[in-house]
Amino acid sequence: MSFKILNQTSCCGTPSSDTTGCDCTSTNSNCCEPGLNSTDIKEVSCPICNKKGVPVENVTVKHMVKKNLMGEVSDDEHWLCTSEECEVAYYTEANVKFNKEDIKVPIWFKKDANPKYACYCNNITEEQVIETVVNKGFDNMTDIIVSINGKVRSQCKVKNPTGKCCTQAFNEAIRKGMKIRNNEK
């Protein structure tokens, strides 16, 4: 699997969204937008696996690292290692790094993520999405979240390890559920 932040319809900015910590409804927000053009993004490779990472805001890293490591988060630019095999979560150009075990939550695209979250803001796992798609017939992100949690919360910048909306992971879980549902018919 290759990790990539996609520009897809998301739950952010829905009327019932709680945007505390993430101003997803703002036109200046980048938590649900693709952000800078790919030509504007500085590419820095992971110091361990050498795969190019994706930039992540410091506010995200500060919220993701375990409390005892918060003081080690510098003002330097941070990247998220996109390799599903690599133990590194975040790193800087100066080779400061935080490994997966330094992060409060498992990163969904990493090989051994348990649980595998489809939506960090709403604390929804891939398994819950698949179950809802199969058993309730929903195939829309917002409908699934409301079905599981009763309302939609959007705090992507501080809840999701990417600092972006989890639409990619959520849609992947919906596709898995639809495949199961369609094979059962």
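**Entry 1: the chain as a whole**

I read the elements from the N terminus on and noted the order β-α-β-β-β-β-β-α-α-α-α. That gives five helices and six strands; helices (H or I, at least four residues) and strands (E, at least two) are DSSP runs, numbered from the N terminus. The model is predicted, so I kept in mind that local features need pLDDT of at least 70 and side-chain atom pairs pLDDT 80 or more, while totals for chains, interfaces and linings use all residues. Residues are numbered from 1 along each chain as its sequence is written, and side-chain values use heavy atoms, with hydrogens and water left out.

I looked up burial next. Of the 185 residues, 46% count as buried, where buried means under 20% relative accessible area, exposed over 50%, and partly exposed in between (1.4 Å probe, protein chains only). The accessible surface of the chain is about 9600 Å², and carbon and sulfur atoms hold 44% of it; the areas come from the Shrake-Rupley method with a 1.4 Å probe, and for residues only the protein chains shown count as cover. For contacts (heavy atoms within 4.5 Å), I took the pairs at least 6 apart in sequence: 65% of these join residues at least 24 apart.

**Entry 2: the sheet**

I followed four strands that form an open sheet in the order β1-β2-β3-β4, with antiparallel pairing. β1 (54–56) and β4 (97–99) each have a single partner strand, so one side of each is left without a neighbour in the sheet. From one strand to the next, the twist averages 30 degrees, with axes as lines fitted to C-alpha atoms (for helices over the stretch in contact) and angles running from 0 to 180 degrees between N-to-C directions. Two strands pair if DSSP finds at least two bridges between them; β1 and β2 (residues 78–80) are joined by three. Across this pair, Pro55 stands opposite Trp79.

I then checked His78, which lies in strand β2. His78 counts as buried, at 1% relative accessibility. Beyond four places in sequence, its contacts include Val54, Pro55, Val56, Tyr91 and Phe98. A polar atom of the His78 side chain lies 2.9 Å from the backbone oxygen of Asp76.

Glu77 sits in the loop between α1 (58–64) and β2. Glu77 is partly exposed, with a relative accessible area of 47%. Among the residues it touches are Lys42, Asn58 and Glu93.

**Entry 3: Thr60**

In helix α1 I picked Thr60, which counts as buried at 1% relative accessibility. Its contacts beyond four places in sequence are Tyr90, Lys157, Asn160, Pro161, Thr162 and Gly163. The C-alpha atoms of Thr60 and Gly163 are separated by 5.5 Å, though the two are 103 residues apart along the chain.

**Entry 4: helix α3**

Which residues of α3 (residues 141–149) are buried? I found Met141, Ile144 and Ile145. They cover an arc of only 100 degrees around the axis, which puts them on the same side of α3; the arc is that of the directions from the helix axis to the C-beta atoms. Their cover includes β5 (117–119), β6 (124–125), α2 (126–136) and α5 (167–184).

At the start of α3, a side-chain oxygen of Asn140 comes within 2.9 Å of the backbone nitrogen of Thr142. Just after α3, Gly150 takes a positive phi of about 90 degrees.

Methods:
A polar contact is a pair of N or O atoms within 3.5 Å; within protein, one must be able to donate a hydrogen and the other to accept it, and residues adjacent in sequence count only if both atoms are side-chain atoms.
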